[in-house]
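Work through the exercises below with the sequence and the structure side by side, and try each task before reading its solution.

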Amino acid sequence: MTQLTAERLTIARGGRDVLSGVDLSVAPGEVVGLLGPNGAGKTSLLRALAGIDKPRLGRVTFDGCPLARMGPTARGRTIGFLPQPPEAAWPVSVEDLVALGRLPFAGPFGRRDPSDAATVEEMLIACDLAALRNRPVTSLSAGEASRAFLARALAGRPRLLLADEPTANLDPQHQLATMKTLRKLAAAGATVIMSQHDLPLASRFCDRLLLLGEGRVMVQGRPREVLTPGNLSRLFGIVAHYETGPDDAFFALPWSLVPEAPRDDIVDL
Amino acid sequence: MTARQSKMFIPAMLGLLFAVLMLSLAVGAEAIPPGRLLAAMVGHGSRIDSLILWQIRVPRAILGAAVGASLGLAGAALQGLMRNPLVEPGLVGVSGGASLGAVIAFYSGAVTSFPASVPLAGFAGALVVTAVLAGLAATGTRVAVLVLFGVALSSLTGGLTALALNLAPSPFAVMEIVFWLLGSLADRSMQHVVLALPAMAVGWAILLSAGRGLEALTLGEAAAQSLGIDMRRLTLTVILGTALAVGPAVAVTGTIGFVGLVVPHLIRPWVGSRPGSVLWGSALGGAALLTVADLLVRIAPTFVQLKVGVVTSLIGAPFFMLLLLRRQGRAE
């Protein structure tokens with residue numbers, strides 16, 4: 001059962017195609033990671049899948065309905081988007097920030113349903129923010145703030161969460177906590193798509209990886225299948241060290257730079 | 001600031017506004033004590049009291065509150081839209097456009113044959129400037145560039161206003177324009193209220209409708225869009241509402257600076273900085289602040305009555321400087 005599909009997407013930015021011919025279908029419960037060097041189009045793809053930017057060609061559908069035909073409110077209620085870097089223009093309290101996630105559910109004149117308050121409360125507790133609820137979000141440490149922004153995105157109870165580098169700038173504890181939270185969201189039936197620069201986190205926590213490079217999706221599949229020496233050499237120009245964790249989980253660790261120009265004959269696609 | 005405290009804030013502001021409005025009806029060249037004021041209000045006062053109240057004080061109080069509300073509300077909306085606390089209608093050229101339009105109406109003599117031409121031309125001037133800004137905003141111009149462009153537009157309208165003064169046919173015309181430009185609520189009649197209030201009220205409604213979008217915009221444009229906010233529509237809403245609220249305001253009172261800049265800053269700490277609440281608070285706060293400023297002008301023991309625009313600039317400019325220094329201090 002697929003929930004999100006992208007058909008032959010071509011995404012332009014600044015008059016130039018950054019990605020073309022992207023085909024993707026993702027099922028509920030799946031966690032998908034987008035990998036690729038800076039400028040490969042990870043953020044552009046996430047924005048197009050969120051319906052923020054229209055693709056130049058192709059279409060995105062959710063539950064069989066094209067995003068372009070979904071109203072903005074319906075889209076807001078279904079799809080969550082966590083930008084990088086997350087931004088708070090004003091020193092609003094953590095509680096008010098998280099409550100912004102309920103905005104698409106507010107009635108006319110901003111009337112809130114009592115259940116909204118309960119949802120906000122639940123997210124504050126789930127993201128360990130209860131003690132910080134009255135603090136201005138601009139006064140928090142980077143780790144605390146990113147928990148608040150994640151709680152904001154979760155407060156809309158999105159069926160599809162698109163997260164741009166959700167673990168950027170986080171210490172190891174918060175990186176693991178964030179990935180666990182995203183896995184929990186997927187376990188509850190949502191679809192999660194994130195961009196990632198951290199190969200070990202991507203290989204451990206994502207069900208599927210898309211390697212973006214050369215203006216297209218070079219390859220997609222299970223981490224073990226796509227994080228091959230040839231692919232990593234071609235995509236990033238690196239050599240990885242492969243390990244298996246205590247729970248038998250595969251992970252790839254960036255180890256050294258490829259000594260010379262990558263050779264075409266070691267393609268693993 | 002807890003939620004309960006901010007819930008009390010709007011009623012408290014309403015009470016404050018009511019109190020200063022009552023004071024502004026009672027205070028002036030001829031003080032009217034509360035008993036006589038009440039009698040005049042319900043139609044049992046002396047002829048003189050009723051005349052002062054209904055012909056002079058009431059129009060002045062309504063205009064002062066309405067213009068203050070327009071400036072405060074537009075300042076809050078523009079700051080919310082541009083996510084920049086240093087923006088105000090005067091800084092981005094909207095007020096400049098409005099005064100240029102009004103000056104052209106003065107200068108061309110249209111005002112003598114058709115008094116409504118001043119507010120109408122003022123509105124048109126504000127609309128031209130806002131259309132340029134909206135056009136830039138709609139094509140995705142960066143906010144910092146948009147602000148600088150507004151500053152340039154402000155200079156341009158100022159230059160054109162100076163040109164009109166330079167070319168004015170008589171010194172008398174120059175004086176008329178200059179005094180008008182200083183910004184004043186004195187000698188305004190019910191006619192001015194009738195001319196300006198309807199458009200301002202429409203502007204207020206439009207600006208207040210932007211509250212939800214501005215709340216979402218706290219998270220930046222991409223996140224706001226993902227929450228179902230149409231950025232282009234929000235930008236146009238704020239720009240159009242600003243033109244409708246500020247254009248007629250400047251057109252009937254002249255330039256009154258810094259209210260739009262200062263008021264949102266005074267309100268923000270009381271409402272937890274939420275942009276939607278800042279809108280409501282700034283409308284009420286702007287109304288109260290300008291009413292108080294006009295009250296000060298009337299009771300100040302000066303030989304020539306000060307223009308309220310002069311007073312707001314004298315208080316506002318140092319506040320603006322302080323704000324810049326404090327922000328720089330925080331950034332370091």
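**Exercise 1.** How many residues has helix 12 of chain B, and how far does it reach from its first C-alpha to its last?

*Solution.* The model is predicted, so that local features need pLDDT of at least 70 and side-chain atom pairs count only at pLDDT 80 or more, whereas totals for chains, interfaces and linings use all residues. Residues are numbered from 1 along each chain as its sequence is written, and chains are lettered from A in the order in which they are written. Helices (H or I, at least four residues) and strands (E, at least two) are DSSP runs, numbered from the N terminus. Helix 12 of chain B, residues 231-253, has 23 residues and reaches 33 Å, close to the 33 Å expected at 1.5 Å a residue, where the expected span is 1.5 Å times one less than the number of residues.

**Exercise 2.** Find the residue just after helix 12 of chain B that takes a positive phi.

*Solution.* Just past the end of this helix, B:Gly254 has a positive phi of about 80 degrees.

**Exercise 3.** In what order do the 4 strands of the open sheet in chain A lie, and which are the edge strands?

*Solution.* The order is 2-1-4-5, with antiparallel pairing, and two strands pair if DSSP finds at least two bridges between them. Strand 2 (16-26) and strand 5 (65-66) of chain A are the edge strands, since each pairs on one side only. Strand 4 (residues 57-62) of chain A pairs with strand 5 of chain A over 2 bridges, and A:Cys65 in strand 5 is the bridge partner of A:Phe62.
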